[in-house]
Amino acid sequence: MTAVVEKPVRSAERDEPGGARAAVFALALFETRRLLTRVPVIIAFLVYLGWTVWRGGKDWDGYPALQDVDRATQSAPMLVGLAVLLSVNLAALRSRRHGTEQHFAVLVLPPWRRTVAHALSVVAAALFTAVCVAAQFGREALRPGAIGHGSVAELLVGPLTVLLSGLVGLLMAGLVRSAIAAPLTVVFFLFLFMFFTGGTSDGGTRWLMPVVVEPTASTLPSDLMGRPAAWHALYLAGLALCAGLLAVLVAGGRKPVVMTGVAGAVAMTLVGGVAQAGGDSPELVKARERATVNPDQVQSCVRRDGSTYCAFPEWGPRVADWAGVVDRVRSLAGGSAHEQDVVVRQRVEARYGLSGDGALMPLERPHEVTVRTRWGGNRVPEFSAAVAGVLVAGNEKASTSMCDGRMVTVMWLALGWESDPMAALRRVRLDDSVTGSAFVLQPTDGMYMTAAQTEVLRELLDRPRGEVTARVKSQWAELTAPKVTAARAAHLLGVRAPEGDDKCFE
């Protein structure tokens with residue numbers, strides 16, 4: 001009698017075509033659900049969303065420049081990335097911690113396929129982050145005062161950071177089979193981030209970090225930014241692919257396609273890493289110089305009610321806001337200043353890029369006023385003060401060197417039209433005070449108010465606007481005469497004499 005012995009089926013892959021692939025996706029769906037419902041990930045996303053909603057519009061006073069908004073989406077996802085790193089690492093080590101690793105030997109999925117499933121769960125977390133980033137950017141882009149252009153490459157940094165973090169956690173689970181390794185890595189990453197952002201902010205090595213924070217709050221035209229955002233996104237994508245594919249290799253995956261993928265990912269990382277550290281091109285340096293020194297060569301000008309407004313191309317929609325402030329300031333002035341045409345020139349210090357804030361020197365051309373690239377909030381009374389100073393003194397240089405009672409008239413013109421002039425006075429002063437002496441901010445060098453001038457101005461702001469305007473116009477010549485004192489200005493305007501010091505800061 002002859003016995004027939006059949007060769008046993010080694011895995012369920014023989015029973016059902018595509019069974020292993022379907023099992024991978026089924027496990028990936030399971031791990032995705034577990035990952036997104038883990039407490040650290042939920043807390044990280046809630047903090048991320050809460051911070052984003054709370055900060056919405058505050059960074060730009062309701063008038064965002066989209067080339068700044070895209071970068072503002074990058075830092076908060078780092079918190080999510082750290083939570084995902086910890087959670088993926090724990091998930092990959094789950095079977096080892098619970099002593100169930102030997103049971104997986106009878107299943108369809110070998111270790112490297114299970115690693116692929118964990119990697120796909122990280123992709124899902126990154127895609128959810130991308131949705132949050134798109135919502136954050138879209139909300140700011142839809143604001144009526146939004147200007148400029150965002151960068152898709154900059155917007156990809158947040159999701160890519162989450163993807164990289166999760167895949168690094170997965171790779172660590174294969175290399176170091178200890179749950180303590182992931183928390184130590186988080187601490188190490190935080191140290192590196194603080195070191196690179198604080199100590200080497202001007203060097204090309206800072207681009208080795210996932211998120212590159214600029215040390216300036218200045219807003220530049222989009223074409224002058226000079227950030228290698230596309231190369232940086234390629235660099236992060238390459239790093240993430242390297243981490244994920246290496247995790248598969250460590251888990252036992254040796255197929256040629258995996259080896260080829262590792263080689264391609266390394267090439268992506270090197271190309272992006274080298275290209276992003278190349279520095280500013282000569283063309284960009286020249287363009288920044290031209291925009292700083294000769295802005296008229298790259299600006300377009302329009303006329304409104306006799307005045308001229310010159311702006312960089314992206315800031316055309318701001319002209320109406322600037323013209324509104326100029327008209328309101330002139331409406332309070334007397335003499336020839338009431339009809340004086342001005343030239344509003346948008347200026348920016350772009351020669352240092354985003355590596356530092358540069359001061360703008362006051363203009364000496366008659367009746368020309370500087371306006372900067374940021375608008376809204378405190379920027380409005382600052383611009384209003386600059387317009388008022390030019391109407392009274394004749395040019396910006398003269399207005400910043402005033403040291404007499406003319407400051408009372410200047411500040412009345414600057415704030416008298418505001419719905420809440422006392423709040424505007426607080427915002428326009430360097431120390432946020434409404435009493436005593438203080439520096440008054442404006443787009444170029446500041447002006448100085450003595451304690452006596454502040455007293456007189458407060459008296460004026462407490463009186464009916466029409467009454468004070470009539471007095472200012474009737475006494476315009478003497479109020480704007482050099483060397484007039486604060487006490488004399490108070491007498492001309494019908495308010496009590498100030499008791500504070502009327503000496504300028506020395």
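In which sense do strand E2 and strand E3 pair, and over how many bridges? They pair in the parallel sense over three bridges, E2 covering residues 307–311 and E3 residues 343–346.

A quick note before the views: this is a predicted model, where local features need pLDDT of at least 70, side-chain atom pairs count only at pLDDT 80 or more, and totals for chains, interfaces and linings use all residues. Residues are numbered from 1 along each chain as its sequence is written, and side-chain values use heavy atoms, with hydrogens and water left out.

**View 1. Here is the open sheet, ordered E1-E2-E3-E4.**
Its four strands have mixed pairing. Strands are DSSP runs of E, at least two residues, and helices are runs of H or I, at least four, numbered from the N terminus; two strands pair if DSSP finds at least two bridges between them. E1 (300–304) and E4 (368–371) each have a single partner strand, so one side of each lacks a neighbour in the sheet. Thr308 stands opposite Val343 in E3.

**View 2. Now look at helix H12, residues 319–332, lying across E1, E2, E3 and E4.**
H12 runs at about 145° to E2. Angles run from 0 to 180 degrees between N-to-C directions, with axes fitted to C-alpha atoms, for helices over the stretch in contact (heavy atoms within 4.5 Å). Helix H13 (379–393) lies across E3 and E4, at about 170° to E4.

**View 3. Check out Asp305, in the loop between E1 and E2.**
Asp305 isn't a glycine, yet its phi is positive, about 55°.
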